[in-house]
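Welcome, and please load the model in your viewer. We will go from stop to stop, with something to select at each one.

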Amino acid sequence: MDDAIIVGINRTQDASLCIMRGQEVVCAIQKERLTREKHHWGKRGDVSRLYAPLLRDLGRPVDVLVECFSSDAEKRHIGEYEREIEENISFAPHARRARLSHHLAHLYSVFPPSPFRRAAIMIVDGQGSPAADCIEDWPGRDTVPGDWREVSSFYEADREGLRCLAKQCWEGDRQRPVGLGMFYFLLTQAIFPGEGHEGKVMGLAPYGDHRALGLPALDVAHGVVRIPDSWLDIMADHQRFRYVDGDKVRLRVSADLAAAGQHAFEEGVLALARWLAVKTGAEDLCFAGGTALNCSANDRLWRESPFRRVFIPPAPSDAGTALGCAIYGLTEILKAPCRYRWNTDFLGPARAPGAIDDALHTACDLVIERPDDLSARIADLLAHSRVVGLYQGRSEFGPRALGHRSILGDPRDVRVRDWINARVKQREWFRPLAPIVLLEEAERFFEIKGPSPFMQFAAGVRPEATTVIPAVTHIDNTARLQTVADSDDPLLRRILADFARRTGVPVLLNTSFNRKEEPIVETVDEALATFRHTPLHALAMPPYLLTKRAEPETIF
């Protein structure tokens with residue numbers, strides 16, 4: 001069934017949908033891009049309100065549906081989920097369905113689409129499925145109560161099969177948390193209220209001293225991570241460590257805790273990887289789960305672990321499990337080999353033909369050009385300290401903007417970074433912005449071992465380059481870079497090359513195309529609204545370049 005329609009649905013945090021037609025990903029999208037609510041959890045009504053239109057566009061019924069729940073309370077409403085599916089999805093005769101446990105969904109999102117023939121696999125997040133719902137067996141499973149939740153899972157796999165080597169489970173007692181994922185979550189809670197602030201902690205950590213609070217290392221042994229009481233006590237003191245913008249005294253205290261937590265987390269990741277390398281003897285590692293978004297830890301994992309190569313998918317968090325569910329349907333239900341490789345993250349739904357033209361037809365407030373050489377015009381604007389939105393093609397599935405829903409700037413002046421943080425993104429001043437670089441030029445500027453197309457590693461910036469590209473160099477002289485190879489996005493390649501011809505620097509500043517507390521833009525209308533309501537100087541929507549009739553403030 002080379003054209004079988006396979007649907008994967010992630011029902012938990014960062015809810016998401018993936019549709020495959022045989023070996024091709026028709027689309028993969030996070031719920032937040034459709035509802036405009038960041039990190040939107042899966043709920044009843046998602047299929048009828050959000051996903052059914054995408055399924056109807058296929059023009060044929062679904063052959064395989066695989067869903068993934070976690071340990072949250074939504075699974076108690078399974079009957080309502082079932083009724084919604086039956087009412088809104090057209091199934092082919094003899095269609096098949098399955099539910100996949102959480103860490104297995106992560107595994108199928110990372111190993112089958114990886115470049116490896118054989119690998120060790122490490123899944124680490126806050127919490128996954130209850131042990132009773134886990135499909136796979138592992139040593140000691142019979143001793144784990146069914147209501148305990150998986151927090152980390154370790155596997156070895158090749159193209160013929162997989163084996164679970166170990167799993168750490170947690171009884172769910174919030175007074176006795178365990179695991180790296182829960183540790184980092186509690187760390188963020190101590191410094192910033194609410195959820196989804198892991199990136200802020202990573203950005204703040206280099207401003208602190210990881211030794212200042214005298215905190216111990218995490219207790220890591222045989223794949224199990226325990227959090228010492230001293231850590232639990234100090235992370236519960238929110239009044240002491242809460243970040244307050246503009247308060248320099250609180251900044252130091254908050255940064256010291258962020259630094260200590262980041263250091264302990266990195267050491268814990270490395271300890272797990274070293275243990276797994278010995279246990280498997282594998283040369284290659286696949287890493288997924290929410291903790292795999294920590295690009296500083298990922299770079300140390302790449303450099304310091306015993307593994308020769310490390311693959312981290314563009315969407316290693318829960319969002320990626322929708323793709324894992326679909327691949328499980330392909331390989332385990334239809335028994336087809338997985339030939340799909342996660343070589344690009346531009347997996348969003350295809351835009352309707354003429355959508356840009358239709359939207360611009362009524363955009364009388366904007367100046368609309370169709371330049372003969374769009375990339376050259378963009379490069380000219382960037383070289384003159386203008387900041388440009390770039391909207392093209394299918395959106396990125398993961399959380400990183402990789403050139404289809406991006407804001408671009410000149411990396412040579414820190415004032416560009418500060419202006420974007422303050423005026424466009426309206427966020428904390430210490431948040432770093434990422435560079436994109438031509439792959440063949442990357443080693444001139446960054447201490448990098450190979451391609452980094454998905455912005456998953458925080459590499460060192462070479463000492464001689466820190467003064468050349470200060471706007472994308474963090475205070476610890478690192479940068480979460482994206483490399484652009486010949487086979488990657490052609491327009492992005494041309495813009496980088498044109499900027500290099502003008503400035504001698506084949507690097508650009510790149511950040512996600514969104515406003516404060518909003519997800520990355522998905523539609524043409526959202527891109528236009530963000531352009532209108534921020535001081536961006538231009539917006540490229542190939543083949544068009546848009547500017548404002550009254551130019552916004554210049555940066556300097």
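Start by selecting Ser375, Ala376, Ile378, Ala379, Asp380, Leu382 and Ala383 in H13, which meet Leu491, Arg494, Ile495, Asp498, Phe499, Arg502 and Thr503 in H16; contact here means heavy atoms within 4.5 Å. Helices (H or I, at least four residues) and strands (E, at least two) are DSSP runs, numbered from the N terminus. By class, this contact of H13 with H16 has eight nonpolar, two polar and four charged residues. Ala, Val, Leu, Ile, Met, Phe, Trp, Tyr, Cys and Pro count as nonpolar, Asp, Glu, Lys and Arg as charged, and the others, Gly among them, as polar.

A word on what you are looking at: this is a predicted model, in which local features need pLDDT of at least 70 and side-chain atom pairs count only at pLDDT 80 or more, while totals for chains, interfaces and linings use all residues. Residues are numbered from 1 along each chain as its sequence is written, and side-chain values use heavy atoms, with hydrogens and water left out.

Now show both helices whole: H13 covers residues 374–383 and H16 residues 490–503, and their axes come within 8 Å and cross at roughly 50°. That angle makes H13 oblique to H16. Axes are lines fitted to C-alpha atoms, for helices over the stretch in contact, and angles run from 0 to 180 degrees between N-to-C directions. Angles under 35 degrees count as roughly parallel, over 145 as roughly antiparallel, 65 to 115 as roughly perpendicular and the rest as oblique.

Next, select helix H5 (residues 180–191) and helix H9 (residues 248–280). How do their axes cross? They come within 10 Å and cross at roughly 175°, so H5 is roughly antiparallel to H9. On the H5 side, look for contact residues including Phe183, Tyr184 and Leu187; on H9, Phe265 and Leu272 are among them. The contact of H5 with H9 has 12 nonpolar, four polar and no charged residues.

For another angle, pick helix H4 (residues 102–110) and helix H11 (residues 321–333), which pack at about 80° with their axes 7 Å apart. That makes H4 roughly perpendicular to H11. The contact residues include His102, His106 and Tyr108 of H4, and Cys325, Tyr328 and Glu332 of H11. Six nonpolar residues, six polar and one charged make up the contact of H4 with H11.

Two loops come next. Zoom in on Pro542 and Pro543, joined by a cis peptide bond with omega of about 10°. Pro543 sits in the loop between strand E22 (538–541) and strand E23 (544–548). Then move to His222, in the loop between strand E9 (219–221) and strand E10 (224–226). His222 is not a glycine, yet its phi is positive, at about 55°.
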